[in-house]
Amino acid sequence: MSSRDQILQALGQITLPDQPLPVIDVEPNTEDLPGQYEASLAKVGGTLVRVTSLDEIQTYLNDRMEEGGQVMSLVEGLTGNRELNEQAHDLRDVDHTLVSAEFAVAENGAVFIKDTVTGHRVAPYITEHLAAVVKADTIYPTMHQAAPAIDLAPGSHGAFIAGPSKTADIEQALVIGAHGASSMTVFLLS
């Protein structure tokens, strides 16, 4: 028997008693959740725009189209100049994509997006500029409150997205947009 097999066999014979999960009883700060969310989103490089109607968001989309941008809206009632195609590869030249978010998280500036609203899983990641619409009354204070709200069918996809794509190398040079959207705007609808 090799030393590798001996080690694996010895590890297989170890039994540890079950340990209960830790109890997290930190009381979240629920004061001014929109303000907390805005501050967190700004820290991760995103922009919050407070709106009271979808018409204000349509104006934003219209401005992007007038600038010559390829705009895809995946939010019912809002239009762009690009349609969602059958093939995900056809989305490679979309400049702006607008999606609907299930909810937001104040502590980290994230929104939760399901693939049922994006059409293709790649839509929020392949676009140059991502925008999301989230209702102001769906902001959770922390991830501890947000996680139980996730409702995904088996085989479906959902993601927390916080700000534009970011990466840094060992020289600590931050690159925005290396693996996804280079900007993120969140429309907070009240």
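## Helix 3

Helix 3, spanning residues 54-66, comprises 13 residues and reaches 18 Å from its first C-alpha to its last, close to the 18 Å expected at 1.5 Å a residue (the expected span is 1.5 Å times one less than the number of residues; helices are DSSP runs of H or I with at least four residues, strands are runs of E with at least two, and both are numbered from the N terminus). The model is predicted: local features need pLDDT of at least 70 and side-chain atom pairs count only at pLDDT 80 or more, whereas totals for chains, interfaces and linings use all residues. Residues are numbered from 1 along each chain as its sequence is written, and side-chain values use heavy atoms, with hydrogens and water left out.

## Faces of the helix

Ile 57, Gln 58, Tyr 60, Leu 61 and Arg 64 of helix 3 are buried (under 20% relative accessible area, with exposed meaning over 50%, for a 1.4 Å probe and protein chains only). Viewed down the axis of helix 3, these buried residues fall within an arc of 155°, so they line one face (the arc is taken from the directions between helix axis and C-beta atoms). Asp 55 and Glu 66, on the other side, are exposed.

The buried residues pack against strands 1 (47-51), 2 (71-73), 3 (96-100), 6 (129-135) and 11 (183-189). Just after helix 3, Gly 68 adopts a positive phi of about 95°.

## Nonpolar cores

The largest nonpolar core has 25 residues, and Tyr 37, Val 111, Ile 139, Met 184 and Val 186 have the most contacts inside it (a core is a set of buried Ala, Val, Leu, Ile, Met, Phe, Trp, Tyr and Cys residues joined through side-chain atoms within 4.5 Å). Apart from this core lies another, of twelve residues, including Val 71 and Leu 98.

Key: Contact = heavy atoms within 4.5 Å.
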